[in-house]
Amino acid sequence: MSAHKLSDSFLHLGLGATAVPQPPFSGLEWYAGYGARHGDDGPEGRLVSQHTFTEAWDSWEMHPKGAEVVICTHGDMVLTQEFPDGSRQEVPLSAGEYAINAPGVWHIADVEESATAIFITAGEGTEHRPR
């Protein structure tokens, strides 16, 4: 087996403790193919991805069927979580720190310079809304 670069080729953690490298990330349309490939794993499947950001996210997201772990590996970011009761919490993250987005919690991130994070996501049913 050869090495994979997580920022280019995400990883699916599936039922039966499987780990399946994914085709190269090609943009938001990639997620539809991911759902087709691994949708049978339901809410127990997890997508492991890595992204680098140089500006704030332009939309909120929410994962209704499972928790998401956000691990900052470089730089600094501020994760804002919006809970079902409408309250918000800011979680500053620096390299080596992580936060958990509980199921049903809307979240967004702000970045001043540059930040890289690894996401372990229960992606089934993910929703987005404008900032």
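Helices and strands are DSSP runs, numbered from the N terminus, and a strand here has at least two residues. By that rule, asparagine 101 belongs to strand β7, which covers residues 98-101. The structure is a predicted model.

**The nonpolar core**

- In soluble globular proteins, nonpolar side chains tend to be buried together.
- In this model, the largest nonpolar core has 18 residues.
- Trp57, Met77, Leu93 and Phe119 have the most contacts inside this core.
- At least two core residues come from each of the strands β4 (59-62), β5 (68-82), β6 (88-94), β8 (106-110) and β9 (115-121).
- Strand β5 gives the most to the core, with four residues.
- Leucine 93 touches Val70, Cys72, Gly75, Asp76, Met77, Tyr98 and Ala99, when residues up to four places away in sequence are not counted.

**Asparagine 101**

- Is asparagine 101 buried or exposed? Asparagine 101 counts as buried because its relative accessibility is 1%, and the cut-off for buried is under 20%.
- The side chain of asparagine 101 is joined to that of glutamine 81 by a polar contact of 2.9 Å.
- Apart from neighbours within four places in sequence, the residues in contact with asparagine 101 are Gly66, Ala67, Glu68, Val70, Leu79, Gln81 and His107.

**The largest pocket**

- Rolling a probe the size of a water molecule over the atoms shows where empty space is left.
- The largest pocket has a volume of about 920 Å³.
- How many residues line the largest pocket? The lining consists of 32 residues, and Leu28, Tyr31, Glu61, Thr126 and His128 lie nearest the centre of the pocket.
- Helix α1 (30-38) and strands β3 (46-53), β4 and β9 each supply at least two residues of this lining.
- Strand β3 gives the most to the lining, with six residues.
- Sorted by class, the lining has 16 polar, ten nonpolar and six charged residues.

**Glycine 33**

- Glycine 33 is found in helix α1.
- Glycine 33 has a relative accessible area of 25%, so it is partly exposed; the partly exposed range lies between the cut-offs of under 20% for buried and over 50% for exposed.
- Glycine 33 and glutamate 97 are 64 residues apart along the chain, and their C-alpha atoms are separated by 31 Å.

Terms used:
Residues numbered from 1 in each chain as written. Predicted model: local features only at pLDDT ≥ 70, side-chain atom pairs only at ≥ 80, totals over all residues. Heavy atoms only, no water. Core = buried A, V, L, I, M, F, W, Y, C linked by side-chain atoms within 4.5 Å. Buried < 20%, exposed > 50% of the residue type's maximum accessible area, 1.4 Å probe, protein only. Contact = heavy atoms within 4.5 Å. Polar contact = N/O pair within 3.5 Å; in protein donor to acceptor, adjacent residues only side chain to side chain. 1 Å grid on protein atoms, 1.4 Å probe; cavity = no way out; pocket = protein on both sides within 12 Å on 5 of 7 lines; lining within 4 Å. Points joined across faces, edges and corners; volume = space filled by probe spheres on them. Nonpolar A, V, L, I, M, F, W, Y, C, P; charged D, E, K, R; others polar.
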